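Here is a short note for a colleague opening this entry. Please look over the model, then read the points below.

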Amino acid sequence: MASMKMLMFLQLNHFTFFFLLLKATAELHRLEHPAKTDGSLSILVVGDWGRKGTYNQTEVAHQMGIIGERLNIDFVVSTGDNFYDNGLTGVDDSAFEESFSNVYTAPSLQRKWYNVLGNHDYRGDALAQLSPILKQKDSRWICLRSYIVNTDVAEFFFVDTTPFQDMYFTYPKDHTYDWRDILPRQDYLDNILKDLDSALKESSAKWKIVVGHHTIQSAGHHGNTKELEIQLLPVLQANDVDFYINGHDHCLEHISSSDSPLQFLTSGGGSKAWRGDINWWNPMELKFYYDGQGFMAMQISQTEVGLQFFDIFGNLLHKWSASKPLFSIM
């Protein structure tokens, strides 16, 4: 009997150790999206868009279709706040078709859409946007909380930023947020940061691009997100991330970091935008700011990344490029 109890004890401890090992080595979900045959990649980035075509969402979508065809894009990145004002009510909410499927109808936009959740998405049924049922309704739709899209030439690390911000947990309950699968909050945030740091360290991609909804640095209406500056930014800087892309501020914006190669890119002009809403920023860092509607394009190769920002008329507002040698000298 004693030996039997000892065997059961060892087996239980073996399984407990195995479970803890799996938990400790958990990784972000990884998706593969091959680049073009020449190794290049073209994408569009839009955020803060889901208003059933109103507030010029349809006009922005029209220009995205034109530019998307010109650049022969591979996919679209959405920086969140996909459905206003209060997310989706469920997987059968008609807002999914009215704000997404029936708006982005151009042939060039019939590509995968890689989405993150914004704070407005958390005001509704957040799990609905994560449901495979939406992908059955529209095969373009891909939405997870935090995940990786590998394209060989670049890796995109999508981060769920809403749970980082204290105000959604501490302000008076003007809104209800869907925190299912998020609590306990600190454990959730710790796991995101740990898994992201590990994935970035293991990445051999030429370009590392992190996407989240909330700003880290911005001269716009919301300004800097202090929680992300404290918790997320050090992870990006320690792992030589090239770009942080966000929405949340309803504008188009490019800020160059003064102490690292990191570029902060805001593309949150998919529909309703603020006018004349800008805070002072060091002009040596603020390369571009436009407080209207529009979107961003990125063209990526092994040696260069080119950025372009467009307004709702298709006018090119800002362009910028960065380069790296084809082979690194050790």
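Is H248 buried or exposed? H248 is buried, at a relative accessible area of 4%. Buried means under 20% relative accessible area, exposed over 50%, and partly exposed in between, with a 1.4 Å probe and protein chains only.

1. Ground rules. This is a predicted model, where local features need pLDDT of at least 70, side-chain atom pairs count only at pLDDT 80 or more, and totals for chains, interfaces and linings use all residues. Residues are numbered from 1 along each chain as its sequence is written, and side-chain values use heavy atoms, with hydrogens and water left out.

2. The annotated site. The unreviewed UniProt entry marks D81, N119, H213 and H248 as "binding site". Such annotations may be inferred rather than shown by experiment, and positions follow the numbering used here, with feature names shortened. The four are spread over 168 residues of sequence, yet they cluster in space, with a largest C-alpha distance of 8.4 Å.

3. H248 and its surroundings. H248 sits in the loop between β9 (243–246) and β10 (252–256). Helices (H or I, at least four residues) and strands (E, at least two) are DSSP runs, numbered from the N terminus. Beyond its neighbours within four places in sequence, H248 touches several residues, including D48, N119, H213 and W274. Contact here means heavy atoms within 4.5 Å.

4. H213. This residue lies in the loop between β8 (207–211) and α8 (226–231). H213 is buried, with a relative accessible area of 0%. Its side chain reaches the backbone oxygen of T79 at 2.8 Å.

5. Salt bridges. The whole structure holds 15 of them. A salt bridge is a side-chain nitrogen of Lys or Arg within 4 Å of a carboxyl oxygen of Asp or Glu. D138 and R140 form one at 3.0 Å, N to O, and both residues are buried.

6. A bridge between loops. R145 pairs with D181 in a salt bridge, with the closest N and O atoms 3.9 Å apart. R145 is in the loop between β5 (141–143) and β6 (147–150) and D181 in the loop between α6 (167–170) and α7 (185–202), so the pair ties together parts 36 residues apart in sequence. R145 is buried at 13%, whereas D181 is exposed at 59%.

7. Cysteines. The disulfide count is 0, where a disulfide is a pair of cysteine sulfur atoms within 2.5 Å. C143 is buried at 5% relative accessibility. C251 is buried too, at 1%.

Terms used
A polar contact is a pair of N or O atoms within 3.5 Å; within protein, one must be able to donate a hydrogen and the other to accept it, and residues adjacent in sequence count only if both atoms are side-chain atoms.
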